[in-house]
Amino acid sequence: MTSLAKDAASGGAVRLVLGDQLSDSLTALEGIDVARDVVLMAEVRDEATYVRHHKQKIALIFAAMRNFAARLSAKGVTVRYVRIDAPGNTRAIVGEIGRALAQTGCARVIMTACGEWRLAEALKAFAAASPVPVEVREDRRFICSAGRFRTWAGDRRQLRMEYFYREMRRETGLLMSGTEPEGGRWNFDAENRKGLPKGLRPPARPRITPNATTREAMADVERLFPDHFGDLETFGWPTTAAEAEQVLDDFITDILPDFGEWQDAMASGQPWMWHGLISTSLNIGLLDPLETCRRAEAAYRAGLAPLNAVEGFIRQILGWREFVRGVYWLKMPEYGLRNALGADRQLPWFFWSGQTDMACVADTVETTRATAYAHHIQRLMVTGNLAMLLGVHPDALDDWYMTVYADAFEWVEMPNTRGMATFADGGIVGSKPYAASGAYISRMSDYCGGCRYDVKAKSGDNACPFNRLYWGFLERNRAILGGNARLAMPYRTLDGFGEDRRRALLAEADAARTALGAVAR
Ligand code: FAD
Ligand code: DLZ
Ligand code: SF4
């Protein structure tokens with residue numbers, strides 16, 4: 001953007017801003033000397049391809065980076081913006097820092113701690129070898145710092161989100177009435193598990209019309225990453241803080257009051273339901289998590305949204321989002337190797353193509369391809385549950401979740417996939433696997449009515465694959481899961497089946513695994 005005279009920057013700092021650090025409050029920008037410092041923002045192939053991200057994710061990051069750089073420039077900040085197709089682009093963040101140092105005469109580097117282990121390690125190696133000082137500042141855009149989480153985790157035998165969440169409620173004062181939780185309870189989840197009544201459809205959701213910068217980024221992605229997964233046509237993600245505020249406003253005013261009740265519901269052809277559509281904005285820095293929670297609380301205090309909805313929403317951000325980030329930084333890199341259930345199968349091809357007779361899976365994959373989004377219950381109870389029952393290797397599944405969602409960053413994706421959805425972490429994030437048969441999906445959605453499989457049948461080619469897989473999954477993993485108190489009931493049922501039936505259930509699940517293409521890797 002701004003061409004740089006070497007002398008003007010001499011002695012100043014290169015201030016790195018990454019594609020998910022697009023916040024005015026970023027610590028890397030604190031105390032900037034606009035006369036001497038240079039903000040470095042670089043579009044690089046390594047970040048765009050370390051997984052083959054959904055086209056919408058790359059377009060989102062490039063568009064939001066370009067908008068953020070333009071805003072900084074308008075404020076008089078010198079920005080060295082390297083486009084993806086700029087001559088000399090080194091393809092890597094560390095390469096671009098090196099080039100910026102060589103070409104600007106800056107004498108030090110300032111950055112905010114980066115969100116993913118992979119890049120954090122590369123930056124650490126760069127700092128160790130760098131001839132100039134490199135200062136890494138804390139990322140203060142989270143409600144709970146990594147250090148605070150470490151203290152909370154201490155030597156607890158188990159980390160449970162619920163207890164962490166209560167502590168965060170006390171610390172922030174969110175939904176507190178003195179020292180007690182508002183409404184006398186910490187958690188209103190029991191009221192948030194309703195299936196969708198027949199005939200009730202979710203409201204239409206306004207989406208953001210791509211601005212000129214976004215359209216240009218979309219064209220670049222189509223040109224440079226044509227074989228990445230996903231469609232670009234339906235792009236509607238906010239790429240500026242102002243657009244993100246608009247989406248949050250719409251949500252809080254029109255949708256939040258019903259968020260709680262239908263939070264776990266699914267419906268064919270309805271990707272958004274009553275969800276916030278704010279994860280991309282939170283994860284790249286266009287929205288602040290604490291401020292977002294306070295906005296929801298204000299709606300409750302003003303009598304505009306009920307407590308079960310507001311508590312449920314705040315728990316997702318103050319509780320789950322902060323908790324999984326804490327777990328990630330506490331447990332990496334060992335966390336990324338965990339495979340507690342010894343899952344060893346390939347990811348079936350239909351996770352990419354959507355070509356399957358399983359109506360719930362076909363709809364979720366189609367939504368994912370078209371929008372780079374699926375809501376939580378689709379990710380957890382359709383694709384995640386299926387992959388766990390099939391025994392898909394966690395590396396293959398992590399790769400899929402990282403590839404297909406616009407909000408995917410490893411610090412949030414991995415604990416959800418390896419932890420919450422598949423129990424590959426052996427019980428760090430959740431106390432039991434969320435394994436479920438077709439009955440759960442049937443209760444929470446309208447999928448089964450339009451499916452060629454029979455959700456009531458337990459075995460045979462026409463039976464719902466979730467049913468065919470469920471008991472075999474428990475039997476196969478008895479050595480690891482059999483002692484889990486929260487699974488005592490299904491294991492008692494399994495025991496009551498007797499030896500022959502249990503062997504038959506294992507064979508049924510194996511046949512289903514092969515039929516669905518979850519073969520050995
Ligand atoms: P809403 O339902 O409106 O929730 C509001 C906000 O709460 C979300 O924007 C998000 O910031 C936060 N939140 C909700 N649930 C979780 C959770 N389990 N963990 C962390 N934050 C949560 N979320 C991501 O941001 N990136 C991912 O890569 C990601 N991968 C996931 C993989 C699996 C297997 C599962 C089960 C969940 C994953 N999630 C991920 C969590 C959740 O599904 C998404 O945050 C949510 O669907 C985003 O849509 P929304 O903004 O409409 O959310
Ligand atoms: C996700 C992403 C993509 C696709 N491209 C870039 C990029 O070109 N330049 C950049 O600075 N950041 C990008 N990102 C975000 C980074 O991958 C992210 O900052 C790290 O993974 C740390 O969370
Ligand atoms: Fe999904 Fe089974 Fe229902 Fe078909 S019958 S939609 S596979 S849960």
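**View 1. Strands β1 and β2 run parallel and are joined by three bridges.** In this predicted model, local features need pLDDT of at least 70, side-chain atom pairs count only at pLDDT 80 or more, and totals for chains, interfaces and linings use all residues. Residues are numbered from 1 along each chain as its sequence is written, chains are lettered from A and ligands numbered from 1 in the order in which they are written, and side-chain values use heavy atoms, with hydrogens and water left out. Strand β1 covers residues 13-16. Strands (E, at least two residues) and helices (H or I, at least four) are DSSP runs, numbered from the N terminus. Two strands pair if DSSP finds at least two bridges between them. V14 has V38 of β2 as its bridge partner.

**View 2. Strand β2 (residues 38-42) also runs parallel to β3, with four bridges between them.** V39 is bridged to V79 of β3, and L40 has R80 of β3 as its partner. Five of the five residues of β2 are buried, where buried means under 20% relative accessible area, exposed over 50%, and partly exposed in between (1.4 Å probe, protein chains only).

**View 3. The side chains of β2 and β3 are buried on either side.** In a regular strand the side chains alternate between the two faces of the sheet. On β2, V38, L40 and A42 lie on one side and V39 and M41 on the other, and all are buried. On β3 (residues 79-82), V79 and Y81 point one way, while R80 and V82 point the other way; all of these are buried too.

**View 4. The largest cavity holds about 320 Å³ of space.** On a 1 Å grid over the protein atoms alone, a cavity is a set of points where a 1.4 Å probe fits but cannot get out, whereas a pocket is an open set with protein on both sides within 12 Å along at least five of seven lines; lining residues have an atom within 4 Å of a point. Grid points are joined across faces, edges and corners, and a volume is the space filled by probe spheres set on the points. The structure has three cavities of 30 Å³ or more. Lining the largest cavity are 23 residues, and G19, D20, E47, I61 and F409 lie nearest its centre. Helices α2 (45-49), α3 and α5 each give two or more residues to this lining, and α3 gives the most, with five residues. By class, the lining has 14 nonpolar, three polar and six charged residues. Here Ala, Val, Leu, Ile, Met, Phe, Trp, Tyr, Cys and Pro count as nonpolar, Asp, Glu, Lys and Arg as charged, and the others, Gly among them, as polar.

**View 5. Ligand 3 sits in the second largest cavity.** A molecule sits in a cavity or pocket if more than half of its atoms lie within 2 Å of its grid points. The second largest cavity contains about 110 Å³ of space. Its lining has 14 residues, with C360, C448, C451, V455 and C464 closest to the centre. Two or more lining residues come from each of α14 (359-371), α18 (438-444) and α19 (465-476). The lining divides into 12 nonpolar residues, one polar and one charged. Around ligand 3 itself are M358, A359, C360, I441, Y447, C448, C451, Y453, V455, C464 and F466, each near the ligand in the sense of having a heavy atom within 4 Å of it. This shell has 11 nonpolar residues, with no polar and no charged ones.

View 6. Of its 47 lining residues, Q21, T112, A113, D139 and R141 are the closest to its centre. Elements that each supply at least two lining residues include α3 (55-74), β4 (108-112), α5 (117-129) and α12 (307-331). The largest share, six residues, is from α5. The lining consists of 21 nonpolar, 12 polar and 14 charged residues.

**View 7. M273 and L277 are found in the loop between α9 and α10.** M273 is not a glycine, yet has a positive phi of about 45 degrees; this residue is buried, with a relative accessible area of 1%. L277, also not a glycine, has a positive phi of about 55 degrees and is buried at 8% relative accessibility.

**View 8. The peptide bond from M332 to P333 is cis.** Its omega is near 5 degrees. P333 lies in the loop that runs between α12 and α13 (350-353).
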